[in-house]
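Student: I have a structure to go through with you. Can we start with the overall picture and then look at some helix contacts?

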Amino acid sequence: MVSFILKRIASGISVLVAISFFTYCLLYFSSANIARNILGEYASQEQVQAKEIALGLHRPLLTRFFEWAGNALHGDFGVSWFTSEPVVSAITTRLPITLTLVIVSIVCIAIVATLLGMAAAVKRGWIDRLVQGAAVVGDAIPDFVLAIVLVSVFAITLKIFPATSSISPDSGADAWAASMTLPVIALLINGIASIAQQIRSAVIKQLERDYVRTLRSRGIPEWEILFKHVLRSAAPAGLTVLSLKFVGMLGGVVIIEQIFALPGMGALAVQSTSMGDIPLVMGVVLYTVIIVIIVNLLVDLINGWLNPKVRVS
Amino acid sequence: MKFGPKSSALAVLAAAAIALTACGGGTSASGGGGGAAATTLTLASLQDLKTFDPTDAHIGHRMPIYQAVYDSLIRRAPDGKLVPMLATEWSYNKDNTVLTLKLRTDVTFSDGAKFDAAAAKANLDHFKAAKGTDAYQAASMKSVDVVDPSTIAITLNSPDPAFSYYLTQALGLQASPKAIGTDGIKTVPDGSGPYVYDAKSSVKGSQYVFTKRSGYWDKDLQKFDKVTIKYLVDLTARTNALVSGQVDAALLDPKSGKQAEGAGMVPHKSQVDWQGILLYDRDGKINPALANVKVRQAMNYAFDRKTILAQQYLNEGTVTDQVFGPESGAYVPELDNTYPYDPAKAKALLAEAGYPKGFTLKIPTVASYDPINAVFKQQLSDVGITLQTESIPDANYVSDMAAGKYAAATFNLYQGEPWVAINQMVSTTALYNPFKNEDPELTAMIKAVQNGGANSAELAKKVNENVTKNAWFVPMFRLNQMYFSNKKIDVQPELQQAVPSIYNYAPAK
């Protein structure tokens, strides 16, 4: 198990290095106007050149990358070129919002989709048709359309929730809960629809296996067969889809964050990329990659715990 | 065991319950607009500030954030008149090159430092040296002298009819001399304004919270206990926040404005910008066709401005053929009939200019201009001109235009003080005259405006007539600025300004 984790961590680090370098290269080739954009329209050409030198934009790609990587290894991600805000503080004030949004959504999706998927697989009939129908409808409705409908109904007409985020540093749990509910629901529908479908298929496949018949013939209660054996064997399929959904959401929440004016990572990523704020973009990329690696590692570990065959392979 | 209908229904209910776990406390969060007699003001801002350093301040959308914490030397009233603020009186010498300002003596900054002539000089000198976002405002400033502790004299290189206006904007903002040029002021402002920054409740890039400064010298400018400015870049989010009562005022657009009006919000419409095509390459360096005045005039005749305004902007604006606005003093009403929609005349002019089959014009475009550029393309193609659009990143739009990469571009420009407008798009130093076009007659007219003193706006009419007749631009419309507020507050729109100044809001009477 330890060597399994070590292997995963090693591959994670190599992915991290590769993505950092690749991102830095992309930013390098699109960094033509950065100094001009920082100084504004009225700065003279000499000032722009001086700023380029001050930021080190005139130096070769590899020199710049290794300097950034060296500082990053010491925990120094620098400051935003545009706002002078330290990169770490810019990210750490926004990360909790995005992570809360994504994690709460994923947990809700996991619970609801599992219940619905299992019910559909075991019970079939109307609930199965409902899940299948919902999967098609849910997939067809984009998150942001749903978000706009939710705002107009629950925030503007019924006034139950705030239309945009009311989270501030001194807000309590109630402000967080109120501000997060509609965005989470907007993310849930699509996720539940597609993952319930996956779990339904996996459970049906397991229910047809010989071991289920054997367990039943030994008189083991149906609930025990379902939750202890079938679900355990069907889980890896669902977990993989959930982890993919999580990674997709990290990037996909940007539109939801914008509609609800949630000060999360999405807005920061879009803003910093459009301006060419290299230290901030690199910080955002690095944090995101680390989160994705951790999530993948956790999914692998849970899969290994659920299914001994994974550990062996 | 099989799931019966009851347990299935239970599972669905459980799913719904989980999805709605966080319902509690929802209503308590939507009270941003304040209670019955508003003691708080919450505004939506279209733009975020770069830093709190006054040298990073920028006219328009970001100014209210700076105005909350910094006083300026002179204040601009809603009707555009300049009134005392930190400077109690000011006057020019005979040849308009030395401006002497008398300053208040009872003002202190957040850190306890006193405001005096030395502090004002330090601020002005630093603004010029820092060459920040609005550095052009200090371009004509040669030196600042302390005459006595409450008087400064600003010497200009040459007369600048807009200089006292600039002292109401970024150039006039006064920070504590102890904080000027430090890194600290970038994240925590240190001024003497009506409100104090509440760093603990603020989040960079999301919201800025300010509380009433105790002992502020002008209670009339301090009408709320707390002011919050939320950065809401998304139009839908701004509209929703306003309609649901989370913010008290926001800038919308004609379409979302209809929704806000339907929800009982109060419109405050004013015309700030003109929109049209700026024909930069009037010497034909990269597009020879534009060197011919007949070609430029043909382009002006090619547009059915009234129909475009109705279809694209729901008639929220006025069609125009000139780039100076009605309140600028340089406006000539008759000029608005210079180029009526006449495609036949446009074709005839193109033929006379040697382009009977038209020509191709390449312009840059960004997402926000895509819809209007599509319309321009259609109308120009009707007279034989092919408009090619090249998509570029938003951040590069202005810098690419300023670098002379395009012969023309669609843009919105401010219709303000004539001297500001001339230096923005007509003079050889103007940012939006990238090819430095000039002709001796026009240069003489510009010189006359510069030295015209109180008469300069009147003299600017000649400049207006010249650039209109010579078709330097294809002006289309003066668009309505669709500013909306709820009924808890009173708002006075500010002449020729994108959004009202922070002083223009008051609790509803």
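Student: How much of chain A counts as buried?

Tutor: Of its 313 residues, 50% count as buried, where buried means under 20% relative accessible area, exposed over 50% and partly exposed in between (1.4 Å probe, protein chains only). This is a predicted model, in which local features need pLDDT of at least 70 and side-chain atom pairs count only at pLDDT 80 or more, while totals for chains, interfaces and linings use all residues. Residues are numbered from 1 along each chain as its sequence is written, and side-chain values use heavy atoms, with hydrogens and water left out.

Student: How many helices and strands does chain A have?

Tutor: Chain A has 13 helices and zero strands; helices (H or I, at least four residues) and strands (E, at least two) are DSSP runs, numbered from the N terminus.

Student: What box do the C-alpha atoms of chain A fill?

Tutor: Roughly 85 × 55 × 35 Å, taken along the principal axes.

Student: Where is Val212(A) found?

Tutor: Val212(A) lies in helix α9 (residues 210-217) of chain A. Val212(A) is buried, with a relative accessible area of 0%.

Student: Which residues does Val212(A) touch?

Tutor: Leaving out residues up to four places away in sequence, Val212(A) touches Gln206(A), Leu207(A), Ile225(A) and Val230(A). Contact means heavy atoms within 4.5 Å.

Student: Now helix packing. At what angle do α1 and α4 of chain A pack?

Tutor: Helix α1 (residues 2-29) of chain A and helix α4 (residues 61-73) of chain A pack at about 130 degrees, with their axes 11 Å apart. Axes are lines fitted to C-alpha atoms, for helices over the stretch in contact, and angles run from 0 to 180 degrees between N-to-C directions. α1(A) and α4(A) are therefore oblique to each other: angles under 35 degrees count as roughly parallel, over 145 as roughly antiparallel, 65 to 115 as roughly perpendicular and the rest as oblique.

Student: Which residues of α1(A) and α4(A) meet?

Tutor: From α1(A), Ser20(A), Phe21(A), Tyr24(A), Cys25(A) and Tyr28(A); from α4(A), Leu61(A), Leu62(A), Arg64(A), Phe65(A) and Trp68(A). By class, the contact of α1(A) with α4(A) has eight nonpolar, one polar and one charged (Ala, Val, Leu, Ile, Met, Phe, Trp, Tyr, Cys and Pro count as nonpolar, Asp, Glu, Lys and Arg as charged, and the others, Gly among them, as polar).

Student: And in chain B, at what angle do the axes of α6 and α7 cross?

Tutor: At roughly 15 degrees, with the axes of helix α6 (residues 235-243) of chain B and helix α7 (residues 254-262) of chain B coming within 10 Å. That makes α6(B) roughly parallel to α7(B).

Definitions and conventions: Chains lettered and ligands numbered in written order.
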